[in-house]
Amino acid sequence: MAIEFNRILTLLRKERGITQKQAAQDLGISQAQLSHYEKGIRECSLAFVVQVADYYGVSCDYLLGRSAERSGQTIRVEDLPETGSATSGSVYRGSVLPTMYKKLIENSLDILYDKLQESGDKELVTEISRYLMLAVYKVFRHLHDASPRNVTGMFRIGAARWQGSADAAMRLTEADLAAILKGEDGNRESLDPATMALTTERLTQDYPRHATSLLNLVKNAEESMRGLQKPE
């Protein structure tokens, strides 16, 4: 929890675009003290947590990493907007967990593709879409192969090669995507920074109905990754 507070405290200051000196002055503490809080060298008081929450306009739960939503909202499946797809409310009726994750992913993809549309870069859209299609393919193939009754005839790549081939294709797509974003092919220097404005504050403003899904998806994904890390 303390690590989350340090990270979010720094994130909020940087998102607002103010210096550590200015934030410390506004909060009535020294710059050295704020630096220690941001680095996790010292622990702050509960009163300071409340003060920081008021200063940045977020909840204490968000500051402490208990909620991915700036308001501190606890996500519920019924609070997530419907995606409007043909399967919404039918395939997963009565099954809360799959419905929630489906909404998290679909709503997050809505934001992703909205940003891609703003970029106006067809090559970028193609590479990201190819990567996502490969990810879905891998999950579907694993599910398909789990039942020996499923015939293999629907696939052109055999059981011995598909996983390695899919992994290689995803890595290559990642490399191509990185090259596009860095402008290594000479097509452009970089994306318009305004298009890729992805701060939590901006996301919440631009996508009031869908930002909750994306922020919780990020939180869940990073919790999965942190579980793989060695304890310090």
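In H6, the buried residues are Met100, Lys102, Lys103, Leu104, Asn107, Ser108, Ile111, Lys115, Leu116 and Ser119. These buried residues pack against H7, H9 and H10. The model is predicted. H6 covers residues 96–119. Its 24 residues should span 34 Å at 1.5 Å a residue, and the end C-alpha atoms lie 35 Å apart, which agrees. Gly120 follows H6 and has a positive phi, near 65°.

Helix H7 comprises residues 122–145. Two packed helices are described by the angle between their axes and the distance between the axes. For H6 and H7, the angle is about 155° and the axes are 10 Å apart. An angle over 145 degrees counts as roughly antiparallel. H6 and H7 are therefore roughly antiparallel to each other. On the H6 side, the contact is made by Leu109, Leu112, Tyr113, Leu116 and Ser119. On the H7 side, Leu124, Val125, Ile128, Ser129 and Leu132 take part. Leu116 and Ser119 of H6 belong to this contact, and both are buried.

H10 runs over residues 211–226. Its 16 residues should span 22 Å at 1.5 Å a residue, and the end C-alpha atoms are 22 Å apart, so expectation and model agree. The buried residues of H10 are Ala211, Thr212, Ser213, Leu214, Leu215 and Asn216. Their cover includes H6 and helix H9 (200–206).

In soluble globular proteins, nonpolar side chains tend to be buried together.

The whole chain can now be described. The protein chain has ten helices and zero strands. From the N terminus on, its elements run α-α-α-α-α-α-α-α-α-α. Of its 232 residues, 35% count as buried. Among contacts with a separation of 6 or more, 57% join residues 24 or more positions apart. The accessible surface comes to about 14900 Å². Carbon and sulfur atoms account for 55% of that surface.

Key:
Residues are numbered from 1 along each chain as its sequence is written. This is a predicted model: local features need pLDDT of at least 70, side-chain atom pairs count only at pLDDT 80 or more; totals for chains, interfaces and linings use all residues. Side-chain values use heavy atoms; hydrogens and water are left out. Helices (H or I, at least four residues) and strands (E, at least two) are DSSP runs, numbered from the N terminus. Buried means under 20% relative accessible area, exposed over 50%, partly exposed in between (1.4 Å probe, protein chains only). Contact means heavy atoms within 4.5 Å. Accessible areas come from the Shrake-Rupley method with a 1.4 Å probe; for residues, only the protein chains shown count as cover. The expected span of a helix is 1.5 Å times one less than its number of residues. Axes are lines fitted to C-alpha atoms, for helices over the stretch in contact, and angles run from 0 to 180 degrees between N-to-C directions. Angles under 35 degrees count as roughly parallel, over 145 as roughly antiparallel, 65 to 115 as roughly perpendicular and the rest as oblique.
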